[in-house]
Amino acid sequence: MKKNLISINDLERSDIESFLSTASEVEKLTKRKASDILPGCILSTLFLEPSTRTRLSFEAAMQRLGGTTINLASEVSSVQKGENITDTGKVVAGYTDICVVRSPYEGTARMLTEKTKVPIINGGDGANQHPTQTLLDLFTIKKEFGSIDGLKIGMMGDLKYGRTVHSLAEALDNYSVEIRLISPDETKMPEHIVKEVGVEEETNKMKIKDLDVLYTTRIQKERFPDKQEYERVKDVFVLDEERVKEMKKDAILMHPLPRIDEIKPEGDKLPQARYFEQAKNGVPARMGIILELLGVEVNV
Ligand code: NCD
């Protein structure tokens, strides 16, 4: 049993499976039964970067489990007075039973684990890791195909700065899958991840016809040191209706959201589109994460 969730690399396949099966157990419960699991528990969110899905789905998850949440609004907190993140985090986490942290800096969540006694969840640290997104992504893939092994999975877009794809690639290293990395040369997956993960193919062409899963991502504008480079790559891989229709009928198209122009809205109605279901799966997946880290079993 894990106490913190900081990096996908801290997990073995059996840990990943355990998170996924708790999520799937808790998803089967009625709302009333689920809300009896954690009454009196409080989750804190300490977000120093914008977020819609990660923060709100963690809040929904804790509230569905019968607990409550408190949230640091960093723009009106003492962070603005110059308090360091470690002091803020230590105090906020200490008010609660479990804490989710998002930061523009790599390593913030891990650093906090040394300062507090409560479980710390990394809700995204810079361009590094986004492990809870990965667990909900795997939860979505497993729900769809029954198993992750044997699939042909493409990751496309900003593989350089996108933390979701870094965590996902590392998680998939635990499974027998074929991985194809599709990106402009400017936003290729960091070399150390490509080396570590068994990648079948890296390409700058939009080769998507034979994939079971296409996971596309936003070009991470805020992380580009050179804004002209962002302008050059932002519209290289756009999926319109025609392109999505090239995919296999039973393939799925995923995106962690927010999307900017990577998938035209006309793609939403196509049978491959799964990104809104994927976002919705954030709630049961994160209920599973909270329960696993607090060491609470689901009794069906
Ligand atoms: C992602 C993130 O914050 O890394 N968003 C999310 O949590 N669903 C992806 C992104 O911002 O592009």
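In which kind of crossing, left-handed or right-handed, does α1 pass α6? Keep that in mind while we get set up. What you're looking at is a predicted model, where local features need pLDDT of at least 70 and side-chain atom pairs count only at pLDDT 80 or more, while totals for chains, interfaces and linings use all residues. Residues are numbered from 1 along each chain as its sequence is written, and side-chain values use heavy atoms, with hydrogens and water left out.

Now for the helices. Helices (H or I, at least four residues) and strands (E, at least two) are DSSP runs, numbered from the N terminus. Helix α1 (residues 13-28) and α6 have axes that come within 10 Å and cross at roughly 70 degrees; axes here are lines fitted to C-alpha atoms, for helices over the stretch in contact, with angles running from 0 to 180 degrees between N-to-C directions. That makes α1 roughly perpendicular to α6 (under 35 degrees is roughly parallel, over 145 roughly antiparallel, 65 to 115 roughly perpendicular, and the rest oblique). And the crossing is right-handed, meaning the near helix is turned clockwise from the far one by less than a right angle, with anticlockwise being left-handed. Residues in contact (heavy atoms within 4.5 Å) include Phe19 and Leu20 of α1 and Leu135 and Phe139 of α6.

Helix α6 (residues 131-145) also packs against helix α12 (residues 282-294), at an angle of about 120 degrees and with the axes 9 Å apart. That makes α6 oblique to α12. Among the residues making this contact are Leu135 and Phe139 of α6, along with Pro284 and Ile289 of α12.

Over to the strands. Thr69 sits in strand β2 (residues 68-73) and is buried, at a relative accessible area of 17%. Buried is under 20%, exposed over 50%, and partly exposed in between (1.4 Å probe, protein chains only). The Thr69 side chain has a polar contact of 3.3 Å with the side chain of Glu59, and another of 3.3 Å with that of Gln63. Such a contact is a pair of N or O atoms within 3.5 Å; within protein, one must be able to donate a hydrogen and the other to accept it, and residues adjacent in sequence count only if both atoms are side-chain atoms.

Last stop: Gly154, in strand β5 (residues 152-156). Gly154 is buried too, with a relative accessible area of 0%. Its C-alpha is 8.1 Å from that of Asp212, 58 residues away along the chain.
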